[in-house]
Amino acid sequence: MNQLGVRWTAEQVLALAPDAASARAGSRLGTAVPWSDAGYDGTGALWGLCRGSGTRPYRTAVDLTGPGAAAKCSCPSRKFPCKHALGLLLLWVSDDPVVVRETAPADWAAEWLDARRERAAARGSAEEEPGAASVAPAARTADPEAARRRAERREARISAGAAELEQRLADLLRGGLAAAEHAGYGMWEETAARMVDAQAPGLASRVRELGALPASGPGWPVRLLEECALLHLLDEAWLGRARLPSALATTVRTRVGLPSSPGGPALRDRWQVLAQYDQADSRVATRRIWLYGQDRGRTALVLSFGAAGRAPEVSLPVGLAVDAVLLPHGGAGQLRATLGEQFVPPFPASGTPPGGSVTDAVEAYGRALREDPWLESWPVVLAAVIPAMTNDGWQLADKDGRSALPLAPRALGRPGLWKLVALSGGGPLDVFAELTPQGLLPLTAWSPGSPAPTPLT
Amino acid sequence: MTGPGPQPAPAVPATPTWEDLVTSALLGTDRRPPATGTGAGSGPGTGAGTGTEAASGPAPDAGRRARSGPPKEPPLALLDAAALHTVRRRAALLPAAAGPALPVAPPDPRPALPPAARRRLAQLLADRAAPAQAAGRRGSAPDLTELLPQWLAAANLRRFQAPPALLPALLDAARARTDLRPQALQFAGTRGLWLARLNPQWKFALRGTAGGTTLPDIRDAEAVRNLWEEGLFAERVGLLGAVRAADPSAARTLLASTWQSERAEDRLMFLDSLRAELSAADEDFLEHALADRSRNVRSVAAELLSALPASAFAARMAARATSCVGLDRTGDGGIVVEAPHECDAAMQRDGIVAKPPTGRGERSWWLGQLVESAPLPAWRARLGGRTAEDIVALPVSDGWQEELHAAWCRAAIRQGDAQWARALLGPPALPPDSGPGTASLAERAKLLAALPDEERAGWVAAFVSAHGLSEAFQLLGVCVVPWSRTLGRAVVDALDIARDAGSYPWSFSGVMGLAERCLDPGEADRLAVLTTTPDEAEGAAPGAGGYWSEAFQRLVGTLRLRAAMRAELDGTAPEGTAP
């Protein structure tokens, strides 16, 4: 059809919503009534006037060319995108006749769209010039010497923190984990706060997770010992990082919580979106986007963050693909990458990524652990697996019915489980999942009966 | 352990064992030092011959450090060893044995939804998951949850298959709203039922209401008999209903086969399911049930029999009732009433309740029951060959009119007699209190249900035109959807009048909601002019104009949405307008 390819689905639009309330408010506005002068053109611009409670209608414009959908609205909402932008997108995906195909955007929308695209173009050309890219960071950090000293101070703080954590772990083990069952969260929270003071957020979050384990049901001492041991391993690795191979040392730095940055050579590919889902804690929403390079067969993880009521900026709904450059981050066994330049707007992906058996999946996981023992999960595509119910919960079994992998306990309470089962109807389907030590977390399914992938998150 | 399924590979011979480590960790190294004590021997780097890939990870580096340094404290040595074990255990995970395979869902031959309709359903179901909006202003956007029942009915009419990925949301919706269940379950189809069996939360779907899908093929006599004799109560009710729908007399025979051994409450429920497809063929069985041990069973049997005007029961009732009511030969030709003096055993056997509720006289109570159960055609012969209209118009002596007319109303409702219903409703323009029959709106709504669809809509339209909307809600509720053109216009005009009269729209929110769901979507364009905010008229409620225009906007929006939903299901929605 147009440069945008196939229209999005309503689910894809609703995935943009910063929270459930916005999604709800947005779908209420996804009807023709409050809208006027709405239109779209072939270049990914969408605009319209939405009558609200005031006298002047809100001017809403959406640009679909960037990563996800950028939106601008004259409403006072601090949510992003606001309900008007969501409503307009829903109207567009439902082919409502009120959204008219035009050759050029309305003037007021064109102003914003042009400015935005110029900025994007300027950014793009700056990246192409090798000189420009290196100038920019230097301009930001006025004094490289001071920056180096700051980094050294931080490393020293982290080292002190790691040493303190070692001491605390030793004390814990000396007294026995049984005592931890009665200590409650308080002890862990306090230790986690110490790690935050030591500027080691990676250590802090691991410590905080330890706090939940004593209440995690039967077998908790095993899980607690495992996690304590891995934390200890991380402490030791940090303190001895000078003697580690450099890739591993980078992984350790990332795990401890130092910011990671794109380092590897840029990879251009047709990246198929395997999954996109958000994890929110009290302060920040993290969007995880799994991409699969259709030409080179590489899997990558793009993270996007959104603070305080804003949805993470990048949105790549499942079912699309982007022709784009990814900049991989360094470190052994790390899949993280930063999304670089996109060459055309996202287009619908075709086909299922190549998958393997459950045995292939555990082998891949084992190999990945060799690179990064602190690995929490590893992305796997399981081809032709069938959900099966056991006394302990659900599993995904190979089609021959011999081998299976259990679903992780936290996958069992999610609505995605039932979607997966419903889609299978007892027959085989392809599933993209994260494999964790506790089992699989299914994220996306491709069933033979339905043309588009179904997100399970 | 690492989850329920993947089993660790057989432990690699290394000391100390994982179990030792866990025990030491749990009790504390002070109390129970790890088996190999402190020192280099326990360092993870010594995991030579582990054979797992983990050995090439960072663990050896940590181990080397341990080896090269001074002997470690026991807790740290234990952690070293535990780290090695942990990584090794995780890296050596093996797939678990697969559990028993699920039965494969039966194929669903219905065609898939058009893409636009599928998106719409996803949206309707997503909106449902949201908590209901706070009461009060409803805004100008349509209420999607109210449209789900219509959507499902329309999709079922066109025999579409439910998209499997939306089945969980659909079943959740049906679980929360019983009124959705029949349509939702029909739409969910065989795959929906297959899914519901796997999740205890969706047990409701298995109660045999799903178009007979859990039930055996009702043509399979043996399977029917087996389920009837061994099934659970709910299954049996479902089975009886299904058989009754297909073959009324087979259902009666089925019920009769075990009637004697059923419990009284069950007899009551089973008897009630004969209400569907009731015919003269059921008379003998019902007559038999009049002698039942349970009073409730007797009264249901009597009620059912009274709906069969040709039955012997009806004849007995007619004889009793007509003996109490006759023409006044002496005076003005009105009706005289002589209420029964006693309620004898035969009357009680025929379901007449002897003891009146508190505050009612015995004789009028008995009279009411007799007239209610007597076949209405009997009155024509009794009252000089008059039509229902004429009979209703006759004066009734001694203040019996209210009692007698109320009983006739109940009889007309029970027997579904359109002629009597029409007579008792009277002309729609008459003020409700002064008409014949009953002033109760609920009763009138039931009387209306006995009229043919078109006549009913016409009557309600005339009523609305004459009396406005304040009392029309219940009457509108019994009209067929979408409303006829006459009815729709009458309602819209009445709303327009209410707006001009300066009242607030929420006084009419019930009717507005009905109109959104029931008006013909084709009316949307005609209504669009009402959505503008008029200048504030003098004496109008402040701000009412704005609220009215908002309410009309929602009305028009909902109608357009319904039209769009229909077009999507028909596959006539514009699909992609671009080149």
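Residues are numbered from 1 along each chain as its sequence is written, and chains are lettered from A in the order in which they are written. Because the model is predicted, local features need pLDDT of at least 70 and side-chain atom pairs count only at pLDDT 80 or more, while totals for chains, interfaces and linings use all residues; side-chain values use heavy atoms, with hydrogens and water left out.

Let's start with chain A. You'll find 13 helices and 17 strands there, where helices (H or I, at least four residues) and strands (E, at least two) are DSSP runs numbered from the N terminus. Chain A has a radius of gyration of 24 Å, close to the 23 Å that the globule rule gives for 457 residues, so it is as compact as a globular protein of that length. That radius is taken over C-alpha atoms, and the rule is 2.2 Å times the number of residues to the power 0.38. Laid along the principal axes, the C-alpha atoms of chain A fill a box of roughly 70 × 65 × 45 Å.

How much of chain A counts as buried? The figure is 53% of its 457 residues, with buried meaning under 20% relative accessible area, exposed over 50%, and partly exposed in between (1.4 Å probe, protein chains only). Chain A exposes about 19,200 Å², and carbon and sulfur atoms supply 54% of that; these areas come from the Shrake-Rupley method with a 1.4 Å probe, and for residues only the protein chains shown count as cover. Of the contacts in chain A (heavy atoms within 4.5 Å) with a separation of 6 or more, 63% are between residues 24 or more positions apart.

A:Arg154 gives you a local view of such contacts. This residue is found in helix α6 (residues 144-175) of chain A. Leaving aside residues up to four places away in sequence, A:Arg154 touches A:Gln199, A:Pro201, A:Gly257, A:Leu258 and A:Pro259. From A:Arg154 to A:Gln199 is 45 residues in sequence and 6.9 Å in space, C-alpha to C-alpha.

Now look at A:Ala384, in strand β12 (residues 378-390) of chain A. Its phi is near 50 degrees, a positive value in a residue other than glycine. With a relative accessible area of 23%, A:Ala384 is partly exposed.

On to chain B, which has 27 helices and 3 strands. Of its 579 residues, 49% count as buried. The accessible surface of chain B comes to about 25,900 Å², with 54% belonging to carbon and sulfur atoms. Among its contacts between residues at least 6 apart in sequence, 70% join residues at least 24 apart.

B:Arg88 sits in helix α3 (residues 74-91) of chain B. Is B:Arg88 buried or exposed? Its relative accessibility is 5%, so B:Arg88 counts as buried. B:Asp398 counts as exposed at 69% relative accessibility, and its phi, near 55 degrees, is a positive value in a residue other than glycine.

Last stop: a helix pair in chain B. The axes of α21 (residues 441-449) and α22 (residues 453-467) of chain B come within 9 Å and cross at roughly 145 degrees. Those axes are lines fitted to C-alpha atoms over the stretch in contact, and angles run from 0 to 180 degrees between N-to-C directions. In this pair, B:Arg444, B:Leu448 and B:Ala449 of α21(B) meet B:Arg456, B:Trp459, B:Val460 and B:Phe463 of α22(B).
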